[in-house]
Amino acid sequence: MYIPSITNKNVRIVMGRGRSEGAASKARALCGSLEIGKLVAGKILEAVDVVEGDGGPGTILKLTFKPGLGFPYYKEKFTKIDNENMIEETEVVEGGYLDIGFTLYRIRIEIKENPKDDTDSSCLEKLIIEYEVKDEFATNASLVTTEPLLGLISIANDHPLKSN
């Protein structure tokens with residue numbers, strides 16, 4: 001189990017878990033690439049633009065949201081991509097949560113094979129959001145949820161099934 005190294009007592013954690021149809025390796029290959037942006041553009045997001053990088057650590061994406069979904073945009077940076085363990089971490093570096101009092105908003109996605117599925121037709125997701133918010137914006141912590149991320153992974157996992 002992942003236990004974050006927290007050096008600041010003000011960092012909070014929200015966790016979520018999900019199960020999706022599709023092999024973990026295929027879901028991870030899609031989620032760990034820039035292809036995921038093409039799938040969610042027009043659904044959850046208006047656009048996903050590569051600001052810099054090639055999809056590896058250090059890559060920065062600008063996520064532009066559809067009107068009415070909270071933020072106009074935010075930029076996130078891939079801080080960790082571990083293909084062997086199927087783990088990806090991103091951190092918001094501009095806009096979005098940072099504009100409403102958050103000083104840290106980090107997302108960790110782990111996709112694993114489902115040990116109860118001998119057919120390799122489903123996978124398990126574990127989502128961890130680490131965040132810190134300024135005291136005067138503490139009520140905004142209620143906006144932190146893993147639900148949109150689970151929806152994103154669900155969209156991604158529909159894709160590998162269609163490509164079999």
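Reply: The following account begins with the chain as a whole and then turns to the aromatic residues.

The model is a predicted one. Its chain contains three helices and seven strands, and from the N terminus these elements follow the order β-α-α-β-β-β-β-β-β-α. Of the 164 residues in the chain, 46% count as buried. Among contacts between residues at least 6 apart in sequence, 50% join residues at least 24 apart.

The largest nonpolar core has 24 residues, and the members that touch the most others are Tyr74, Tyr97, Phe102, Tyr105, Ile107, Ile129 and Tyr131. At least two residues of this core come from each of β3 (60-65), β4 (73-82), β6 (102-113), β7 (122-133) and α3 (147-162). As a general background, nonpolar side chains in soluble globular proteins tend to be buried together.

The aromatic residues may now be taken in turn. Eight aromatic pairs are found in the whole structure. One of them joins Phe71 and Tyr97: the ring centres are 4.7 Å apart and the planes meet at 65°, so this pair is edge-to-face, since planes over 60 degrees apart are classed in that way. Phe71 belongs to the loop between β3 and β4, while Tyr97 belongs to the loop between β5 and β6; the pair therefore ties together parts that are 26 residues apart in sequence. With a relative accessible area of 15%, Phe71 is buried, because the limit for buried is under 20%. Tyr97 also counts as buried, at 10% relative accessibility.

Phe102 and Tyr105 form another edge-to-face pair, with 6.0 Å from centre to centre and 85° between the planes. Phe102 is buried at 2% relative accessibility, and Tyr105 is buried with a relative accessible area of 3%. The residues of both pairs belong to one aromatic cluster, which consists of Phe65, Phe71, Tyr74, Tyr97, Phe102, Tyr105 and Tyr131.

A further aromatic ring, that of Tyr73, has a charged neighbour: the charged end of Lys62 sits over this ring, 5.0 Å from its centre.

Most residues other than glycine have a negative phi. Met86, although not a glycine, has a positive phi of about 55°. Met86 is placed in the loop between β4 and β5 (87-95), and at 15% relative accessibility it counts as buried.

Terms used
Residues numbered from 1 in each chain as written. Predicted model: local features only at pLDDT ≥ 70, side-chain atom pairs only at ≥ 80, totals over all residues. Heavy atoms only, no water. Core = buried A, V, L, I, M, F, W, Y, C linked by side-chain atoms within 4.5 Å. Buried < 20%, exposed > 50% of the residue type's maximum accessible area, 1.4 Å probe, protein only. Helix = DSSP H or I, 4+ residues; strand = E, 2+ residues; numbered from the N terminus. Contact = heavy atoms within 4.5 Å. Phe/Tyr/Trp six-rings, centres within 6.5 Å; stacked < 30°, edge-to-face > 60°. Lys NZ or Arg CZ within 6 Å of the ring centre and 35° of its normal.
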